[in-house]
Each structure stands twice: as structure tokens, then as C-alpha cells.
Amino acid sequence: MNTFEPTLQAANARLAAVQPAAYARTRNALDGAVTRLSPYLTHGLLSLREVFDAVNARHPLDAQHKFVFELGWRAYYRHVWAHLGDGIHQSIHTGLLPDDAYQPHMPADVLEARTGIPAIDTAVRELYETGYVHNHARMWLASYLVHLRKVHWHAGAQWMLGHLLDGDVASNNLSWQWVAGTSSTKPYLFNADNVAKYAPVPWHSPGTLIDTSYEEMDRIARSAAPIQQRKVSALEGIQQPALHASPPDTAWSVPDGSLALGRDVWLVHPWSLGSAPQAFAERGVVIGVCIAESHAQMPWSVQRWHFVTQGMQQRTPHLWRGSALQITESLATARSVSWRSDPHLAITLQGAQVQLETPLFKAVETYCPSFAQWWRRTQISG
Ligand SMILES: Cc1cc2nc3c(=O)[nH]c(=O)nc-3n(C[C@H](O)[C@H](O)[C@H](O)COP(=O)(O)OP(=O)(O)OC[C@H]3O[C@@H](n4cnc5c(N)ncnc54)[C@H](O)[C@@H]3O)c2cc1C
């Protein structure tokens, strides 16, 4: 199942299919029992708490279970974002080379999936076609770009963010930094043997630039010179799908204050596509918003916009797109406004009531620069 329907039924079907024991054994393999829950988590159709509770009810989970640990990474990256804010767009510390040793643009052959390295080109194709790439393949892609092609991790992260259905600024930037070695103690390196061990045959890359030893990979990673591409003439590339800073769908309209007048409003937004609390669905009005400022630096593929638009249409026919000012002014006459906020939103609504998700992990107040430190301090909340 490599397509994603933006509905609660589809999210719950994936949840019901989670096999934590198989997950722990096989999650590193591209055909392993990973859950593909990430688009539903990123867009608020499911919370970490709901995922844990549903899986735990069928397969009781020890707090140290690999599956819980991986959910922990998502929560940990949110912890880092909450503490460092926009600082996560910069290297947390210097990596193998200074920041200016890496170029700020993506190479055309990678964008067009014609590097000649099957592991890389297949990952790029999957990214464009499905909006989902297995974690291990994301690591290969990021490692190849940063350490072999000398692309700055942030350029790679920005590119990937727009094409992923689960693109999340914290998980994405901080995973790229982890691979680059700017948040961790060592960079992530891989080679063709690693691909052969974990991926199906079409990904195998013998005889290519990555078919070398870890010692050689380490030497290349520490050198400022990008690896020399071999001439690959016969390859036909694909075009990178366009990215859009606002929804291309016609379902959206300009904010209309008369809709909110005197009513209790529940706002859904791209990071909160879940159901409105019952009271709003019955007596209030549910409005979907797309706030221009939140997307200006974060354009998305048509595929991702469709996911979000269709997900919102499951909740409401009223979809507004506009600036933060237009939207706040149009809500000014509402009796009340409530929502689940999210750090991706470039807006705080004065007077809006924020309904918090029930967290899965206890909040850790002091900043933890490593996952291990955070993991020791947090625990599953009751
Ligand atoms: C370069 C790179 C970029 C990434 N960008 C994103 C991103 O934009 N959004 C995103 O959600 N994840 C990102 N990840 C983390 C991870 O790859 C995805 O969360 C995971 O592949 C999603 O697939 P899944 O739901 O099948 O994961 P599963 O393995 O089934 O895991 C279940 C859930 O646990 C969480 N999780 C698992 N592994 C990680 C991890 N390493 N880091 C953070 N959370 C994790 C996710 O919420 C995931 O949905 C990135 C990883 C790398 C290496």
C-alpha cells in the first residue's frame, strides 16, 4: 500500500495493520513491516498518543519497545524545535567540513533522478511518485547528497520537505542534520553493500560510485572536493514536480467574515486534519484555513496539496486561503475560535482557544542536545 488517502478510515486501517514485533525485526529493510503512518501523524489525522494506545491495546508494548522508541524520535525532534526555534535551520554544530564547503543548490542530475546510481535514482522517483520514501532510503539520499556531492544539508532538506507527504520541519531538518553530522557525533555513511543488504534488487548499485569501502567513504566525506560523477549518457531523467506556495485546487476561497459572525468556530489547518470536537460539528462551524505566510518558505507538491485539501474537505466545505491578517480579521466577529495549534503555522490568533493534544511522552523542560538524554528523562505519560 504505497498510496495515501487523507481519511480517518485510511489512517485507522494502517494503524490496525501495525505489527510491532515484525516492525522491530524488519524496520530497516525497504520491504520491512514499517507502518507508513507518517503522513497521518504530520497532518494531524492521528496523534502519537492515539497510535500508541491503538497498537498497545492489541499488542501490549513495553516502554522500551523499538516501536515506542521510534515514536520517541518524532517527539524528541519536536522538543528540539521548541527549544531552538528557527535555530534548527542552521547547523547545530560544525560537521565534518565548515558550512561553506557545501553548495547551496541541488544538482540537476539528482533532481532529475539520473545520477546513474539505482539506489539514489529510485529513491528520487519514489519521492516524486508517492510522496513517501522509506527511512533507510532517506538516509542514503541525504548521505549521498551531503557527503559525496557536497550539497549543504539545508538545501537537501528544503527540497525533500516539499515533496514528502509527511514533510515535517523538525523531523526533516534534524534528520538531515543527523546524517550530516551537524547534530550528532558522527556523520551517517553508507555504501552499495548496505543497499544490497536492505533493499530489493532494483535498488542494488554495484559498480557505481557508492560501491566502495567505508574507509573510502569516510575519506571522501572529509574531503572538500565533490566526488567526480562518471559520465552517464544513456539515462533518461524525469522532471521534478512543481512546488506551489499556495493550494492549486479551486476548492479554496477568500475569507468571508459573515460565515463566522456570532458563531463558535473550529479551525482545521494543514497540520490538524482530524475531526472537530463534537460540539463544533453540531452547533458551531468548522472552517479550513491555509495561511499564506506559513507556506511562503515551504512550497508543496500538487500531490501534497491534494492530500491536504481533500483531507480538509472531509471536515468542512468552507476552505479559506489568505494572509494571516485577512484570516484574523474575518474571524474577529466569531463568538469563539478554537483550534489545535502547530509550530508550522506562522500565526498566533489573539483570543483563540488552543486545544492541546494529549501527549504520549512527558514534557522534558530542559533542553536535551541528544536523543539519549531526552529518552532517559521522559516517560510515557499516563
Ligand atoms: C533525511 C531524512 C528526512 C526525514 N524527514 C522526515 C519528515 O519530513 N517527516 C517525518 O515525519 N519524518 C521524517 N524522517 C524520519 C523517518 O524517515 C520517517 O518518519 C519515517 O520514514 C516515516 O515512515 P513510517 O511512518 O513508515 O515510519 P515507521 O518506521 O513505521 O515509524 C512510525 C512512526 O515513528 C516516527 N519515526 C520513525 N522513525 C523516525 C525517525 N528516524 N525520526 C523521526 N520520527 C520517526 C514517525 O512518526 C513514523 O511515522 C526523515 C528521516 C530522514 C533520514
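Numbering starts from 1 along each chain, following the sequence as written. Because the model is predicted, local features need pLDDT of at least 70 and side-chain atom pairs count only at pLDDT 80 or more, while totals for chains, interfaces and linings use all residues.

**Domains.** The protein chain is split into domain 1 (8-87), domain 2 (90-241) and domain 3 (245-351); these bounds come from an automatic or database domain assignment. Take domains 1 and 3: their C-alpha centres sit 26 Å apart. Six residues from domain 1 and 11 residues from domain 3 make the contact, where contact means C-beta atoms, placed from the backbone, within 7 Å. On the domain 1 side, that's four nonpolar, two polar and no charged residues. For the classes, Ala, Val, Leu, Ile, Met, Phe, Trp, Tyr, Cys and Pro count as nonpolar, Asp, Glu, Lys and Arg as charged, and the others, Gly among them, as polar.

**A helix pair.** Helices (H or I, at least four residues) and strands (E, at least two) are DSSP runs, numbered from the N terminus. The axes of H4 (residues 48-58) and H5 (residues 66-84) come within 11 Å and cross at roughly 175°. Axes here are lines fitted to C-alpha atoms, for helices over the stretch in contact, with angles running from 0 to 180 degrees between N-to-C directions. That makes H4 roughly antiparallel to H5 (the label applies to angles over 145 degrees). H4 brings Leu48, Val51, Phe52 and Val55 to the contact, and H5 brings Phe67, Val68, Leu71, Arg74 and Ala75. By class, the tally is eight nonpolar, no polar and one charged residues.

**The sheet.** Five strands make an open, parallel sheet in the order S5-S3-S2-S6-S7; two strands pair if DSSP finds at least two bridges between them. S5 (319-322) and S7 (353-354) are the edge strands, each pairing on one side only. Here are some of the pairings:

| Strands | Bridges | Direction |
|---|---|---|
| S2 and S3 (residues 285-291) | four bridges | parallel |
| S2 and S6 (residues 336-339) | four bridges | parallel |
| S6 and S7 | two bridges | parallel |

S2 (residues 264-268) is mostly covered, with four of its five residues buried; buried means 20 or more other C-beta atoms, placed from the backbone, within 10 Å of a residue's own.

Definitions and conventions
A residue is buried if 20 or more other C-beta atoms lie within 10 Å of its own, exposed if 12 or fewer, and partly exposed in between; C-beta atoms are placed from the backbone. Angles under 35 degrees count as roughly parallel, over 145 as roughly antiparallel, 65 to 115 as roughly perpendicular and the rest as oblique. Two residues are in contact if their C-beta atoms, placed from the backbone, lie within 7 Å.
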